[in-house]
Amino acid sequence: MATRGSVKPFVNFNAKHDAEVLRKAMKGIGTDEDTILMLLAARSNDQRQEIKAAYKKAHGKDLGKDLRSELGGKLEDLIVALMAPPAIYDANELHKAIKGVGTEDQVLIEILASRTCEEIKDINKAYKKEHGGKLEKDIMGDTSGHYQRLLVILVQAKRDEGVDESRVEKDAKELFAAGEEKFGTDEDAFINILGNRSAEHLRKVFDAYKKIAGCDIEESLKDECTGNLEALLLAVVKCAKSVPAYFAETIRESMRRAGTDDETLIRTMVSRSERDMLDIRAIYKKKYGESLYSTIQEDTDGDYQKALLYLCGGND
């Protein structure tokens, strides 16, 4: 797969050598954070897994645990995130979001709305393996109503493929009738169509919807829905239109509040670094008139900032 990531596999990769460099960086007096973050941010996730294995073989120790004990704060959170395979990382983030005090709905919405069907299948497997239960069951125990139904549909990872031209107009009309025309919205139509059609199909439906309704579907959703259901439907619509645009906005919001939302920032930078960071950067620059790199520079500091800038991969 052609990747639009800022992090690519390191060319002259040698897991054994990297494991030794990391060991040295952690051993002396004081930890050499620079070496650690430069090395790990410049390796692909698969390569980091190989380094982990080489480290264990040479030293009989878990590299993740050693890194945790040497690092602290936000840099630690970021490096620990980089060390997890993507499906396990997402599964762990979902588990934390559900099992913590009160559900962190933002995490459920962001991950389940933006991942591909293949990715969600892998997350389901990883969740069961890591946490012993089923993701769907845990979501059902922690959410309710239409919001729960749409999350459960997304967890099934059974979206249709391709575009069904004969249904585009019908879907658009159904959404219009369910929303704009009815007092008290018929959420079922929104959930079934947005939860089950392919992204390409939905983009055509949204174009048809705009012709019928005279406004974007997002505007209708904001008028018709509230709370978590609104947030989830909007995320699904945005991701159907463009996943990188959705994440450019997510990153922007994480940094432009009073106080940075570092959890969201870390999750996005780590999980998109090998997928579509170059597209996110281009959209970010176009939409906000400044580079993602410079926003990170203004909003973060220290080794944590350095590591984020490595993942960002360049200034536009």
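1. A polar contact here is a pair of N or O atoms within 3.5 Å, where one must be able to donate a hydrogen and the other to accept it. Keep that in mind for Ser 6: its side chain reaches the backbone oxygen of Leu 311 at 2.4 Å. Bear in mind, too, that this is a predicted model.

2. So much for one atom pair; here is the setting. Ser 6 sits in the segment before helix H1 (15-27). Leaving aside residues up to four places away in sequence, Ser 6 touches Ser 273, Met 277, Leu 278, Arg 281, Leu 311, Cys 312 and Gly 313.

3. Next, have a look at helix H6 (residues 86-99) and helix H9 (residues 135-142), whose axes come within 10 Å and cross at roughly 25 degrees. Angles under 35 degrees count as roughly parallel, so H6 is roughly parallel to H9. The crossing of H6 past H9 is left-handed. On the H6 side the contact uses Leu 94, Ile 98 and Lys 99, and on the H9 side Leu 135, Asp 138, Ile 139 and Asp 142. By class that gives 4 nonpolar, no polar and 3 charged residues.

4. H6 also meets helix H8 (residues 117-131): their axes come within 8 Å and cross at roughly 65 degrees. H6 and H8 are therefore roughly perpendicular to each other, and their crossing is right-handed.

5. Who does the touching between H6 and H8? From H6 come Ala 87, Ile 88, Asp 90, Ala 91, Asn 92, Leu 94, His 95 and Ile 98, and from H8 Asp 122, Ile 123, Ala 126, Tyr 127, Glu 130 and His 131. The residues of this contact split into 8 nonpolar, 3 polar and 3 charged.

Definitions and conventions: Residues numbered from 1 in each chain as written. Predicted model: local features only at pLDDT ≥ 70, side-chain atom pairs only at ≥ 80, totals over all residues. Heavy atoms only, no water. Helix = DSSP H or I, 4+ residues; strand = E, 2+ residues; numbered from the N terminus. Contact = heavy atoms within 4.5 Å. Axes fitted to C-alpha atoms, helices over the stretch in contact; angles between N-to-C directions. Parallel < 35°, antiparallel > 145°, perpendicular 65-115°, else oblique. Left-handed = near helix turned anticlockwise from the far one by under 90°. Nonpolar A, V, L, I, M, F, W, Y, C, P; charged D, E, K, R; others polar.
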